[in-house]
Amino acid sequence: MSGEPMRTLPLTCPPSCQPGPHVAFPVDVFSTLSEDGESGRLRVSIVVRLQEWRGTSGAKSFPPRSQVSVPPGALDCWVFLSCLEVLQRIEGCCDRAQIDSNVAHTVGLWSYATEKLKSLGYLCGLVSEEGPNSEDLNRIVDLLAGLGAERPETANTAQSPYKKLKEALSSVEAFEKHYLDLSHAAIEMHTSVGRTRSARLVGKDLAEFYMRKKSPQKAEIYLQGALKNYLAEGWALPITHTRKQLAECQKHLGQTENYLQTSSLLASDRHLTEEERKYFCQEILSFASRQTGSTGQKIILPLHCFAHLRDLHFTPSNAVVHVGGVLSVDITLCSQMPIPVRVEQIAISVHFSIENNYYRKAAGWLTEHKTANGVITFPAETSPLPAAQNNLPALELYEMFERSPSDNSLNTTGIICKNVHMLLRRQESSTSLETPSGVALEDGAHVLKCSDVTLEPGPNRITFRTQAKEPGTYTLRQLCASVGPVWFVLPHLYPLVQYDVYSQEPQLHVEPLADSLLAGIPQKVKFTVTTGHYTVKNGDSLQLSNAEAMLILCHAENRAVIYSNTREKASDVLLRVQSSDKVTSISLPAAPAYHMIEFELEVLSLPSAPVTGGESSTLGTTEPHRKHKDTHRAGHCMATTDHKVSIDCPWSIYSTVIALTFSVPFRTTHSLLSAGTRKYIQVCVQNLSELDFQLSDGDLVDHGCGADLQLVPLNAKCPQAIHSKQSVFFVWELLWAREPPPSLRCRFSVGFSPASEGQLSVPLKPYTYEFQVENFFTLYNVKAEILPPSGTEHCRTGSLCSLEVSITRLSDLLEADKDEALAEADEYFSTKLMYEVVDNSSNWAVCGKSSGVISMPVAAQATHRVHMEVMPLFAGYLPLPDVRLFKYLPHHSAHSSQLDADSWIESDSLSLDKHLDDQPDSSSVRSRGSTHSASSGEHKGLPMPRLQALPPGQVFNSSTGTQILVIPSKDDHVLEVSVT
């Protein structure tokens, strides 16, 4: 052959078939191994020697392709010789490197030759333990005779195929040697080229050979390897067949544990017949019955080959129980055995753990962390057959970005597979299910047991009961089922199964039955006593310290209900309540530990509104916009008051303090109304609750003036209904005989009762509201009048009209006048006032001075008049501009008060500092449109006078509500009419 590389062509081996008396095959077989363009072609002719076989069968001649009769085994001999001669020719014309590189193409011939030699051994009795009999020996002689003489070209070869076959058929020992050599060579070559499956199959044939030779210790390793391969690839029927062989091997070897494990797998294998399954199941039961009463070592097997844990259910369902309580655990165990099996004991080992301060955890806290129905479902046992490739989990790919910490620029990006451990598992490296599991039994003090149970084929319900003794967390770790010395063990329960035992401290909980407690009417409050680990005895009582403004009402029909820990009603008893001035005693009924005592009591909070210091609102007074919003917002929520009650419990040396919040159902405001010098006080009661009430006996009392001041009611005497979100008004007129006091301390009270309820068990206290009214006497009367231009009957838009303001003093010197604005000269007193004309509705344009300072004599009927011009901007009946009065105080006054933002004078340089600090400003009153600046440099640093608003009750504007008719001008093209 030339030095060029050899081009190897694939070899097609003849199909495997059983030898028979008549076999059709080609007479001349040529297999082309390689070609060389320069040297020609090398052909190996497989010469079949059939002359002797033809002679024994009586055939004289046959055409190139025909059917010939050959004795059994002749075809196997021919195939064996053909394969070895081809391999020998290949070894003769190729070097070792070429042979090793083409093992993948030649290993099939080695396997085929091994298979044919095994077939000859079985046919000729060379594999049986007893050796060949006479018939087998005759067959061997016929086959050797049929071989004829060896070909001359191989006669001098020591290890020619002819000699190997003749030697292998000559004795049992020689056959075993050649067969083992061929088998090991085939296994080694299959393994070297990565054909693990083919190597396992050859090994399985080798195991069968060893079993026929009564050498199970040598067959076991090959059966385990074949079974591992079948399990990895998911061949169900070969798995079952190999397990049967393995069970026989293990039985011969006396491997009791392995044999029982394999028998349990076969007993649960549905690919076997019912009789076969019962046989292997009976093998386990027979072994268990033989070992009953002996003190031998336990045999531990995995549970999955015996039964399957399907689900588990806790009672109570939240898996939380108190110390001393009973917990039930129901499991569903599906037996995979074909017949009923009596199990001596089913046990669940429990691991106990305790946390710091665990006893302080209440049942409510533990319940939040538990499943609602208490059922835990376990996944089905992993099948020994691996999932197909298309059943693998989907890729879980996520983007990965890595940025620079300095400038947040992208450094690297990539893709991460988060379930790579599920996709790249090596099935070949997994442990075979037939090897001993190595599971150890857990020995612990906490075990749930159920004895003498018969497991029927299919699902079985088993119940465990335990009484909790120590608080903590109990984790169910291991499930065991014992059949004599055979223990089937599930080493870990997954998902995690736990139940909690708590030791609860006694607790007292007080809560209102309604969304909010209303003051003034009886309200029900629920008391819940959770006994915990404490046992309530006869004579135990709750001692409540009475609050000053809250009463606890005692009724003879009060009852207490006792519930178990599972909210089952245990008893209903009469509750005895005794009350004194300072303490209310509630006698508790006897109750065992971990029960609840519930009862209801009525409490009554005295109704009263928060004390207010001044007028809440006054007719004719415009409050700032911010205050109006706050008042409006406060009108939608009720005022609340808290009552703290100290409770002494029999299980503790410390007092428990609870706070009950009551909402006042009414919101009350008052107003001072004026009509000249006549004064009225109006009280508005607004119902903020959702209930309807009946109001009666409204009364207003002054605590300071005595008989000199009278409050004359102007209200109806009959009860008045006040519905939810509605208001009722009460009015009194103030009458006095001499100089009125500077302030009034008033107390308003009114009786009330719910309109929907009948006769109440206790009389209700009236609702009270206290307030104070200051500087309510009228000192000044302000009157404004607008006159049309001379010669006209009505004012016209755009025309100047005359505004005359008259300020009249209504009384002589009073105590309220004695302040820093009061000045004495020539035996009479005077005070400085500042007036301001403001039109907030923008109906008038004030021309000229809109404000000024006057010196007002402090004498009755003293009058000061101011004239100015105004221009109407719209037609229609227009209200008159507002006239405001202020006290004009010197700059050193320390008692001047702050004006609201809406009361500051827009057109004047006099302003009021928020913090009452002196600020430089003009001391003169400038008119609207004046160019004199308040911050002029010539006045900087000069002290500035201050303004103090007169209380609304001291000024009566008799022109309030007056309107004047304004007609449009004749030359107006657009008519604008103001309607107020």
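How many of the 20 residues of H2 are buried? Before you count, please keep in mind that this is a predicted model. Now select residues 74-93, which make up helix H2. The answer is 15 of the 20, so H2 is largely enclosed by the rest of the structure. While the helix is selected, look along its length: from first C-alpha to last, H2 reaches 29 Å, close to the 28 Å expected at 1.5 Å a residue.

**A pair of helices: H8 and H9**

Next, select residues 172-192 for helix H8 and residues 196-212 for helix H9. The two pack at an angle of about 160 degrees, and their axes are 8 Å apart. That angle makes H8 roughly antiparallel to H9. The crossing of the two is left-handed.

Show the side chains where they touch. On the H8 side, you will find Phe175, Tyr179, Leu180 and Ile187 among the residues in contact. H9 contributes residues including Val202, Leu206, Phe209 and Tyr210.

**A second pair: H12 and H13**

Move on to residues 256-267, helix H12, and residues 274-290, helix H13. Here the axes come within 8 Å and cross at roughly 145 degrees. This crossing, between H12 and H13, is left-handed. Among the residues that meet are Tyr259, Leu260 and Leu266 from H12, and Tyr279, Phe280, Ile284 and Phe287 from H13. Arg277 and Glu283 of H13 are in the contact as well. By class, the contact of H12 with H13 divides into nine nonpolar, three polar and two charged residues.

**Two prolines worth a click**

Most peptide bonds are trans. With that in mind, zoom in on Thr315 and Pro316: the peptide bond from one to the other is cis, with omega near 5 degrees. Pro316 sits in the loop between strand E6 (307-315) and strand E7 (320-322).

Then go to Tyr494 and Pro495, where the peptide bond is also cis, with omega near 10 degrees. You will find Pro495 in the loop that runs between strand E16 (486-490) and strand E17 (498-502).

Most residues other than glycine have a negative phi. Select Asp697 and check its backbone: phi is positive, about 60 degrees, although the residue is not a glycine. Asp697 belongs to strand E33, residues 693-702. Is Asp697 buried or exposed? With a relative accessibility of 60%, it counts as exposed, because the cut-off is over 50%.

Another such residue is Gln861, with a positive phi near 65 degrees. Look for Gln861 in the loop between E45 and strand E46 (863-872). Gln861 is exposed too, at a relative accessible area of 57%.

Finally, select residues 851-857, strand E45, and pick out Ser851. Ser851 is buried, with a relative accessible area of 0%. To finish, draw a distance from the C-alpha of Ser851 to that of Arg884: the two are 33 residues apart in sequence and 9.2 Å apart in space.

Note on methods: Residues numbered from 1 in each chain as written. Predicted model: local features only at pLDDT ≥ 70, side-chain atom pairs only at ≥ 80, totals over all residues. Heavy atoms only, no water. Axes fitted to C-alpha atoms, helices over the stretch in contact; angles between N-to-C directions. Helix = DSSP H or I, 4+ residues; strand = E, 2+ residues; numbered from the N terminus. Parallel < 35°, antiparallel > 145°, perpendicular 65-115°, else oblique. Left-handed = near helix turned anticlockwise from the far one by under 90°. Contact = heavy atoms within 4.5 Å. Expected span 1.5 Å × (residues − 1). Buried < 20%, exposed > 50% of the residue type's maximum accessible area, 1.4 Å probe, protein only. Nonpolar A, V, L, I, M, F, W, Y, C, P; charged D, E, K, R; others polar.
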